[in-house]
Amino acid sequence: MPELPEVEAAARIARRAVVGRAIAAVDVLHPSIARRWTLAERRRCRGRRISAVTRRGKSQLLHLDDGCILVVHFRLDGDWVVDAAGEPLPSFARFAIRCTDGRRLVLTDPRALSTVTVHTPAAPPTFALGPEADDPTLTAAELGARLAGRRTAIKQALLDQRILAGLGNIYAAEALWRARLDPRRRVGTLEASEVARLLRGIRAALADGVAHLGRYRTGTRTAPWRVYDRAGSPCRRCRTQIAILTQGGRTTYWCPGCQH
Ligand SMILES: [Zn+2]
């Protein structure tokens with residue numbers, strides 16, 4: 001499941017590929033996406049210029065110059081391929097935007113779980129999401145307030161997109177290791193100084209992820225994880241063996257030596 005750094009990397013690819021270009025046509029190539037699009041919506045996109053590509057949580061938003069927004073969610077395996085109209089479509093092509101200058105942005109997805117929806121200015125997309133995990137204006141006090149009163153374990157709270165948007169299983173573990181916090185801690189027990197440490201840990205883990213993702217590729221992440229996927233290996237900070245536990249059906253990697 002792509003997390004914030006992977007989606008951000010994908011959004012950058014789309015941004016470089018199509019922002020400022022005009023759409024010649026959108027090609028809806030798979031029934032799972034086609035059933036969300038009317039013919040009128042496809043026609044409406046023609047001739048529109050793509051003014052910006054932004055990200056909200058794990059969704060990419062392609063803003064058109066008439067106020068419409070295409071919302072793309074890669075789910076598990078989606079990816080972008082940038083090529084030229086007229087070339088054979090890449091394998092597992094599900095959706096494509098052909099630009100008037102011949103540039104083509106193709107969504108590929110072997111499992112065809114990705115979604116693309118179009119929203120008019122009258123009915124903009126809504127997201128039941130908390131603030132972005134990498135929002136530089138987010139303060140420790142705000143994060144503390146969002147966590148306050150909850151009895152869940154801190155690791156599970158970090159996966160709850162309504163509290164904070166963008167973290168998944170990998171970066172939640174990485175952030176908690178950097179913050180030296182036990183993933184089983186109840187969020188209500190965190191002191192203000194620990195919430196501040198947590199926020200710094202989240203930012204550092206995400207910044208590291210973004211820096212190591214030249215581009216988004218499922219399954220070939222190159223980021224050197226501090227704790228994720230390192231069960232049995234020595235902790236990079238205290239040399240204790242990294243342990244695993246299961247929380248809410250998800251595997252959590254953590255260091256019993258230095259995460260308290
Ligand atoms: Zn350790």
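Okay, housekeeping. What you see is a predicted model: local features need pLDDT of at least 70, side-chain atom pairs count only at pLDDT 80 or more, and totals for chains, interfaces and linings use all residues. Residues are numbered from 1 along each chain as its sequence is written.

So, the layout. The protein chain splits into domain 1 (4-119) and domain 2 (140-254), with bounds that come from an automatic or database domain assignment. Their C-alpha centres sit 31 Å apart. Where they meet, 11 residues of domain 1 are in contact with 13 residues of domain 2; contact here means C-beta atoms, placed from the backbone, within 7 Å.

Which helix gives the most to the domain 1 side? That's H1, residues 4-18, with seven residues. Helices here are DSSP runs of H or I, at least four residues, and strands are runs of E, at least two, numbered from the N terminus. By class, that side of domain 1 has five nonpolar, one polar and five charged residues. For the classes, Ala, Val, Leu, Ile, Met, Phe, Trp, Tyr, Cys and Pro count as nonpolar, Asp, Glu, Lys and Arg as charged, and the others, Gly among them, as polar.

Let's stay on H1. It has 15 residues and reaches 21 Å from first C-alpha to last, close to the 21 Å expected, where the expected span is 1.5 Å times one less than the number of residues. H1 is mostly covered, with 11 of its 15 residues buried. Buried means 20 or more other C-beta atoms within 10 Å of a residue's own, exposed means 12 or fewer, and partly exposed is in between, again with C-beta atoms placed from the backbone. Among the buried ones are Leu-4, Glu-6, Glu-8 and Ala-14.

Ala-14 turns up again in the largest nonpolar core, which has 65 residues. A nonpolar core is a set of buried Ala, Val, Leu, Ile, Met, Phe, Trp, Tyr and Cys residues joined through C-beta atoms within 7 Å. H1 gives the most to this core, with eight residues.

Next up, H7, residues 192-212. Its 21 residues should span 30 Å, and the end C-alpha atoms are 30 Å apart, which agrees. The buried residues include Val-195, Leu-198, Ile-202 and Leu-206. Down the axis, the buried residues of H7 fall within an arc of 160 degrees, so they line one face of the helix; the arc is that of the directions from the helix axis to the C-beta atoms. That buried set packs against H1, helix H4 (140-147) and helix H6 (169-178). On the other side of H7, Ala-192, Ser-193, Ala-207 and Ala-211 are exposed.

Last, some loops. Just after H1, Gly-20 takes a positive phi of about 90 degrees. Ala-112 has a positive phi too, about 55 degrees, although it is not a glycine. You'll find Ala-112 in the loop between strand S7 (103-108) and strand S8 (115-119). Arg-180, another residue other than glycine, has a positive phi near 55 degrees, and sits in the loop between H6 and H7. Arg-180 counts as partly exposed, with 16 other C-beta atoms within 10 Å.

How values were computed: Contact = placed C-beta atoms within 7 Å.
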